[in-house]
Amino acid sequence: QVQLVESGGGLVQAGGSLRLSCAASGTFFSINDMGWYRQAPGKQRELVSIITSGGTTNYADSVKGRFTISRDNAKSTVYLQMNSLKPEDTAVYYCNAEVVRNPGGLIPQYWGLGTQVTVSS
């Protein structure tokens, strides 16, 4: 079984910073894309940022220039550095990963349980 465990959420004032981490554990061959999604109360889950195994990144327009995604393949961990936080960034942030269990097999997506980020004005 594969698990994704997020950490680093919390309460911060507007303009502040937080760093989220997500570590994958279990038995698997490799991990393709890893990413962060968020879901605010009453809204649909949305993509925040994604990073490929080769390091190519993509960001939602709303976080460009403020958030930075990175990963450590040796640790099977993805990070999200969030700077200049705004109240509208308040949401539960979820980690997502495409995990290759066996070469040539299916590549299911896994989700973490989420970590709350609250930005006060």
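Begin by selecting threonine 115, which counts as buried because its relative accessibility is 11% (buried means under 20% relative accessible area, with a 1.4 Å probe and protein chains only). The model is predicted, so local features need pLDDT of at least 70 and side-chain atom pairs count only at pLDDT 80 or more, while totals for chains, interfaces and linings use all residues. Residues are numbered from 1 along each chain as its sequence is written, and side-chain values use heavy atoms, with hydrogens and water left out.

Threonine 115 belongs to strand β11, residues 115-120 (strands are DSSP runs of E, at least two residues, numbered from the N terminus). Next, display its surroundings: leaving aside residues up to four places away in sequence, threonine 115 touches Glu6, Gly9, Leu20, Ala91, Val92 and Tyr93 (contact means heavy atoms within 4.5 Å). The side chain of threonine 115 also comes to 3.3 Å from the backbone nitrogen of glycine 9.

Now select cysteine 22 and cysteine 95. A disulfide joins cysteine 22 to cysteine 95, with an S to S distance of 2.1 Å (a disulfide is a pair of cysteine sulfur atoms within 2.5 Å). Cysteine 22 lies in strand β3 (residues 18-26) and cysteine 95 in strand β9 (residues 91-100), so the pair, 73 residues apart, links distant parts of the chain. The link of cysteine 22 and cysteine 95 is left-handed, at -80 degrees about the S-S bond. Cysteine 22 counts as buried because its relative accessibility is 0%, and cysteine 95 is buried with a relative accessible area of 0%.

Note on methods
Helix = DSSP H or I, 4+ residues; strand = E, 2+ residues; numbered from the N terminus. Buried < 20%, exposed > 50% of the residue type's maximum accessible area, 1.4 Å probe, protein only. Polar contact = N/O pair within 3.5 Å; in protein donor to acceptor, adjacent residues only side chain to side chain.
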